[in-house]
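Please look over the fold of the protein shown here, with attention to its sheet, its helices and its pocket.

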Amino acid sequence: MGMSVTISAATEQDAEQILKLQFLCYQSEAELYGDYSIEPLTQPLDSLKAELAGGTVLVARLGEEVVASVRGLVDADGTARINKLIVHPRMQRHGLGGRLLDAIETRLSEGGAAKRFQLFTGHRSEHNLTLYRRHGYEPVSKRRVDERLTLVTLAKGATAGAFVASA
């Protein structure tokens with residue numbers, strides 16, 4: 001019988017594992033868009049540590065190994081911005097991304113802080129778009145970054161079925 005995956009708050013000790021996993025996970029995005037200079041591939045460790053200190057970062061562990069992670073931060077207006085949802089390639093397509101998305105939404109909603117959730121992905125990232133739609137997110141805007149990439153922003157209300165478009 002295999003080990004089960006556990007989800008918990010990340011600590012500063014997780015920073016290096018998260019950064020290595022992020023580098024691995026964003027290779028496919030870089031290939032998809034023909035751009036290996038994207039921020040997730042160039043983010044320095046100090047920047048990630050600042051995110052750990054200033055926002056909500058969750059990790060999924062298989063034993064001691066960090067196999068997935070997600071970050072989020074609630075703005076003053078109640079918009080919870082979720083980003084860098086990553087799952088190790090060998091762990092993808094087994095529901096872990098959805099579990100992490102549910103967990104970060106729950107965490108960011110504590111105390112009524114989040115009024116709405118917002119995230120973004122590239123227009124060609126079909127697996128991401130499918131996951132987000134399956135979890136109730138709807139496209140609210142698109143922004144062309146360059147000839148290769150258009151970012152799609154998706155959002156949903158913090159209460160079930162309460163979609164709020166405020167992109």
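The model is predicted. Its seven strands form an open sheet with mixed pairing, and the strand order is β1-β2-β3-β4-β5-β7-β6. The edges are held by β1 (5-9) and β6 (138-144); each has a single partner strand, so one side of each is left without a neighbour in the sheet. On average, neighbouring strands of this sheet are turned by 25 degrees against each other, direction ignored.

Strands β5 (residues 116-122) and β7 (residues 150-157) run antiparallel and are joined by seven bridges. Within this pair, L119 stands opposite L154 in β7.

## Helices on the sheet

Helix α1 (residues 15-25) packs on the sheet and touches β2 (56-62), β3 (65-74) and β4 (79-87). The direction of α1 makes about 95 degrees with that of β3.

Helix α5 (residues 96-109) also packs on the sheet, where it touches β1, β2, β3, β4, β5 and β7. Its direction makes about 35 degrees with that of β3.

## The α1 and α4 pair

Besides touching the sheet, α1 packs with helix α4 (residues 45-54) at an angle of about 115 degrees, and the two axes are 10 Å apart. The crossing of α1 and α4 is right-handed.

On the α1 side, the contact is made by A15, E16, I18 and L19, and on the α4 side by L45, L48, K49 and L52. By class, the contact of α1 with α4 has six nonpolar and two charged residues, and no polar ones.

## The largest pocket

The largest pocket has a volume of about 1100 Å³. It is lined by 44 residues, and the closest to its centre are E29, L85, T121, N128 and Y132. By class, the lining has 21 nonpolar, 14 polar and nine charged residues.

Which elements each supply at least two residues of the lining? They are α1, α2 (27-33), α3 (39-42), β4, α5, β5 and α6 (126-134). The largest share of the lining, seven residues, comes from α6.

How values were computed. Residues are numbered from 1 along each chain as its sequence is written. This is a predicted model: local features need pLDDT of at least 70, side-chain atom pairs count only at pLDDT 80 or more; totals for chains, interfaces and linings use all residues. Side-chain values use heavy atoms; hydrogens and water are left out. Two strands pair if DSSP finds at least two bridges between them. Helices (H or I, at least four residues) and strands (E, at least two) are DSSP runs, numbered from the N terminus. Axes are lines fitted to C-alpha atoms, for helices over the stretch in contact, and angles run from 0 to 180 degrees between N-to-C directions. Contact means heavy atoms within 4.5 Å. On a 1 Å grid over the protein atoms alone, a cavity is a set of points where a 1.4 Å probe fits but cannot get out, and a pocket is an open set with protein on both sides within 12 Å along at least five of seven lines; lining residues have an atom within 4 Å of a point. Grid points are joined across faces, edges and corners, and a volume is the space filled by probe spheres set on the points. Ala, Val, Leu, Ile, Met, Phe, Trp, Tyr, Cys and Pro count as nonpolar, Asp, Glu, Lys and Arg as charged, and the others, Gly among them, as polar. A crossing is left-handed if the near helix is turned anticlockwise from the far one by less than a right angle, and right-handed if clockwise.
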